[in-house]
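Hi everyone, thanks for making time this morning.

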Amino acid sequence: GRGSEFRTAAKEMGWIDPPQEEGSDKPIEKPRITLPQDGLLTLEGFLNVYTFELRGGKFWGIHYDLSIMGQPLPDFGRFEARYDRMYCTAKLTPAAVLDTIASTPCPNDVEPSDHLPVAAS
C-alpha cells in the first residue's frame, strides 16, 4: 500500500508503533509494519484511513483509488495550479528548469509517485 494509507490502516487493525530508544545516537528508522494476525479493518477504520488522507490534502490518492475500483470522480479537467515553490536570492543563478508535468494523473505507469521532484543545487 501507499505509505500513509497503509500505516493508518495498520494502526486501525491493531498494529502498535514500537517504542524508540531514548538517548540513542542511531538514526531513527521507521519500524517494519507487521499486520496483526487477527487484525481486521472495520468500516469505521476504513473511513478513518480516508478521513486522515483527506485531512492531509491527499485528494489525488483517493481519486486514484476510486478510479481503479470503477468509481471515478467527475473529470473537471487537468489541475494546473502550483503545489511547490522554490525561493532564491540574486546570488543564485538558475542553470536549468526541467519540466516535470506528467501527461496523465500521477501516480501512473510512468510516474509511480504522486510526489513530483522540486530541487536545486
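Aspartate 65 is buried, with a relative accessible area of 9%; buried here means under 20%, exposed means over 50%, and partly exposed is in between, using a 1.4 Å probe and protein chains only. A quick word on where this comes from: the model is predicted, so local features need pLDDT of at least 70 and side-chain atom pairs count only at pLDDT 80 or more, while totals for chains, interfaces and linings use all residues. Residues are numbered from 1 along each chain as its sequence is written, and side-chain values use heavy atoms, leaving out hydrogens and water.

Aspartate 65 sits in helix 3, residues 59-68 (helices are DSSP runs of H or I, at least four residues, numbered from the N terminus). Which side chain does aspartate 65 join by a polar contact? That of tyrosine 50, at 2.6 Å; a polar contact is a pair of N or O atoms within 3.5 Å, where one must be able to donate a hydrogen and the other to accept it, and residues adjacent in sequence count only if both atoms are side-chain atoms.

Tyrosine 50 is buried too, at 17%. Its partner in a tilted aromatic pair is phenylalanine 46, 5.0 Å centre to centre with 55° between the planes. Rings of Phe, Tyr and Trp (its six-membered ring) pair if their centres lie within 6.5 Å; planes under 30 degrees apart are stacked, over 60 edge-to-face, and the rest tilted. Both residues lie in helix 2, four residues apart, about one turn. Phenylalanine 46 is partly exposed, at 37%.

Key. Helix = DSSP H or I, 4+ residues; strand = E, 2+ residues; numbered from the N terminus.
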